[in-house]
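Student: I have not looked at this one before. Can you walk me through it?

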Amino acid sequence: MAYSNGMKFSISDDRLDSIGELLKETKDIPGDTAELGVFRGGTSRYIAERMHDRIHYAIDSFRGLPYPNEKDGKALRSIWEKRDGKFFSFSPAKVRQYFDPLENIEIIQGFFPRCITLGMRAANYSFVHLDGDIYQTTLDGLKFFWPRMSEGGIIVLDDYDCRRTPGCKIAFDEYFSKDQPQIHKKALPQVWIVK
Ligand SMILES: C[S@@+](CC[C@H](N)C(=O)[O-])C[C@H]1O[C@@H](n2cnc3c(N)ncnc32)[C@H](O)[C@@H]1O
């Protein structure tokens, strides 16, 4: 796991490197950036530092995952139940402090999609990291962001090809049932699609 200013990332180094490369590719694409599923903030800060000419929306309940449904599989549901939904809950004040040096991050605290703001609705996006781990969050994320992606914009799905989080792939296949974009893979289970 990588560290940045003492903050541990939840994603592996190869996935983070892949995000870095994709951000370079979207430098000239107009639009803001977003991460749905921020946890301790490592990846959001990584994105915002590299794309400081635009707003980065960092979206999380900071209270952990919503209850996984049957598409997320028994294993994830039983972990959720054992920990009473508390895994991945993290202090938003600490995240705010961690983001402090950066002026281009807007923290959106709440459960997606209820927390969507007017600003988010009006924006177009050049880069989005979907890292909500469960079916419903992934589906809601695709429904909201995909129509708002600029041409050439990129959505990265962190958990697409992951046995622990089967709901993400189910949501993707369901959303793109008719016209699936090409899926790019480099650092599985992460994949990305280009608008
Ligand atoms: C795997 S963690 C994110 C890790 C983070 N991207 C990183 O790289 O460090 C998943 C996060 O998604 C958040 N989450 C999942 N579904 C959500 C929803 N519908 N609304 C808000 N937050 C959600 C959880 O609170 C949790 O913090």
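Student: What kind of model is it?

Tutor: This is a predicted model.

Student: How many helices and strands does the protein chain have?

Tutor: The protein chain has seven helices and nine strands. Its radius of gyration is 15 Å, close to the 16 Å that the globule rule gives for 195 residues, so the chain is as compact as a globular protein of that length.

Student: And what does the C-alpha trace span along its principal axes?

Tutor: About 40 × 40 × 35 Å for the protein chain.

Student: What share of the residues is buried?

Tutor: Buried residues are 42% of the 195 in the protein chain. As for contacts with a separation of 6 or more, 73% of them are between residues 24 or more positions apart.

Student: Switching to the ligand. Which residues are closest?

Tutor: The closest are Ser10, Gly37, Thr43, Gly132 and Thr137, out of 23 residues that surround the ligand.

Student: How does that shell split by class?

Tutor: Around the ligand there are 10 nonpolar, eight polar and five charged residues.

Student: Now helix 6 and helix 7. At what angle do their axes cross?

Tutor: Roughly 35°, and the axes come within 7 Å of each other. Helix 6 covers residues 135-145 and helix 7 covers residues 166-175.

Student: Is the crossing left-handed or right-handed?

Tutor: The crossing of helix 6 and helix 7 is right-handed.

Student: Which residues meet there?

Tutor: From helix 6, Tyr135, Thr138, Leu139, Leu142 and Lys143. From helix 7, they meet Gly167, Cys168, Ile170, Ala171, Phe172, Glu174 and Tyr175. By class, the residues of this contact are eight nonpolar, two polar and two charged.

Student: Take isoleucine 170 from that list. Is it buried or partly exposed?

Tutor: Isoleucine 170, in helix 7, is partly exposed, because 16 other C-beta atoms lie within 10 Å and a buried residue needs 20 or more.

Student: What about tryptophan 146, where is that?

Tutor: Tryptophan 146 is in the loop between helix 6 and strand 7 (149-157). Tryptophan 146 counts as partly exposed, with 17 C-beta neighbours inside 10 Å. Valine 128 is 18 residues apart from tryptophan 146 in sequence, and their C-alpha atoms are 9.2 Å apart.

Student: Let's move to serine 126. Where does it sit?

Tutor: Serine 126 is in strand 6, which runs over residues 125-130.

Student: Why does serine 126 count as buried?

Tutor: Because serine 126 has 24 other C-beta atoms within 10 Å.

Student: Which residues does serine 126 touch, not counting those up to four places away in sequence?

Tutor: Thr26, Ile29, Pro30, Gly31, Thr33, Ser150 and Gly153. Glutamate 151 is 25 residues apart from serine 126 along the chain, and their C-alpha atoms are separated by 8.1 Å.

Student: Where are phenylalanine 62 and aspartate 133?

Tutor: Phenylalanine 62 is in the loop between strand 4 (56-60) and helix 3 (73-82). Aspartate 133 is in the loop between strand 6 and helix 6.

Student: Is phenylalanine 62 buried or exposed?

Tutor: Phenylalanine 62 is buried, with 20 other C-beta atoms within 10 Å. Aspartate 133 counts as buried too, with 23 C-beta neighbours inside 10 Å.

How values were computed:
Residues numbered from 1 in each chain as written. Predicted model: local features only at pLDDT ≥ 70, side-chain atom pairs only at ≥ 80, totals over all residues. Near = placed C-beta within 6 Å. Nonpolar A, V, L, I, M, F, W, Y, C, P; charged D, E, K, R; others polar. Helix = DSSP H or I, 4+ residues; strand = E, 2+ residues; numbered from the N terminus. Rg over C-alpha atoms; globule rule 2.2 N^0.38 Å. Buried ≥ 20, exposed ≤ 12 C-beta atoms within 10 Å, placed from the backbone. Contact = placed C-beta atoms within 7 Å. Axes fitted to C-alpha atoms, helices over the stretch in contact; angles between N-to-C directions. Left-handed = near helix turned anticlockwise from the far one by under 90°.
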